[in-house]
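Here's a quick tour of the charged pairs in this protein, plus a look at one helix and one hairpin. Keep the 3D view open as you read.

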Amino acid sequence: MAPNLRRSTRLSSKSVSDNSESDLKTKKTPIAKVKKEIKKDIEVEDKVEKKSTKELEIGDLIPDYLNLENQDGVEINLLKLAKDSKILVIFAYPRASTPGCTRQAQGFRDTFEELKSQGAVVVGLSADSPKSQTTFKLKQNLQYDLLCDPKREFIGILGAKKTPSSGIIRSHWIFVDGELKIKDLKVSPEQSVSKANDEVKELAKK
């Protein structure tokens, strides 16, 4: 009985060894697959990063991954907003409740109904917090939303960063069905309002 027992033990040991080697072989494929998928994810992230730093030019669409909060803390997808609005006017100002920015915001407030009659929607944009935007909106009786871009991500894509680390260039842009049609950088508060009104009228005719 002893020889058979030893032989049985050897067979059992060999079987376990074979199974272990087989398991290791089968485990190699999933690991390789996971590494490949991770590499793909990194490449996708790199592409998104490159997209996020590209400045929009005439004819470009707003990237569909961009979302910003308005003064009420509600997250808004910018491409959807632009497409839903048909004609979207976005004006950027350096800081809420400062003299020049107040004049610019008041100008769009006073011409709001005229722009609306042309089928245009207006929104303001700055790096201010929702709280600051709410105070600004209420104090100036603004009818439109104010978007918050504290990291200046969208502001950078629009080409309105004053420096890499701080500041915003007073500007405005007009989108039609999400596509950039007008890009006016470095304008005065009064120019921003008057030019945007004229440009919307021309676009509405088309």
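A salt bridge here is a side-chain nitrogen of Lys or Arg within 4 Å of a carboxyl oxygen of Asp or Glu. Searching the whole structure, which is a predicted model, turns up 11 salt bridges.

**The Glu 55 and Lys 183 pair**
- Glu 55 and Lys 183 join their side chains in a salt bridge, at 2.6 Å from N to O.
- Glu 55 sits in the loop between helix 1 (2-52) and strand 1 (67-70), while Lys 183 belongs to strand 7 (residues 179-185), so this pair ties together parts that are 128 residues apart in sequence.
- Glu 55 counts as partly exposed, with 32% relative accessibility.

**The Asp 177 and Lys 86 pair**
- Asp 177 and Lys 86 form another salt bridge, with their closest N and O atoms 3.2 Å apart.
- This pair links distant parts of the chain, 91 residues apart: Asp 177 is in the loop between strand 6 (171-176) and strand 7, and Lys 86 is in the loop between helix 2 (78-85) and strand 3 (87-92).
- Asp 177 is partly exposed at 35% relative accessibility, and Lys 86 is partly exposed at 46%.

**The Arg 109 and Asp 110 pair**
- Arg 109 and Asp 110 make a salt bridge as well, at 3.0 Å from N to O.
- Are these two residues buried, partly exposed or exposed? Arg 109 is partly exposed, at 22% relative accessible area, whereas Asp 110 is exposed at 56%.

**The hairpin of strands 6 and 7**
- Strand 6 and strand 7 pair in the antiparallel sense, over six bridges.
- Ile 174 stands opposite Ile 182 of strand 7.
- Two residues lie between the strands of this hairpin, and Asp 177 in the turn has a positive phi of about 55°.

**Helix 7**
- Helix 7 (residues 189-205) has 17 residues and spans 25 Å from first C-alpha to last, close to the 24 Å expected at 1.5 Å a residue.
- Which residues of helix 7 are buried? They are Pro 189, Ser 192, Val 193, Ala 196, Asn 197, Glu 199, Val 200 and Leu 203.
- An α-helix has 3.6 residues a turn, so residues three or four places apart point the same way.
- The buried residues of helix 7 pack against strand 3, helix 3 (99-110), helix 4 (112-117), strand 4 (120-126), strand 6 and strand 7.

Notes: Residues are numbered from 1 along each chain as its sequence is written. This is a predicted model: local features need pLDDT of at least 70, side-chain atom pairs count only at pLDDT 80 or more; totals for chains, interfaces and linings use all residues. Side-chain values use heavy atoms; hydrogens and water are left out. Helices (H or I, at least four residues) and strands (E, at least two) are DSSP runs, numbered from the N terminus. Buried means under 20% relative accessible area, exposed over 50%, partly exposed in between (1.4 Å probe, protein chains only). The expected span of a helix is 1.5 Å times one less than its number of residues. Contact means heavy atoms within 4.5 Å. Two strands pair if DSSP finds at least two bridges between them.
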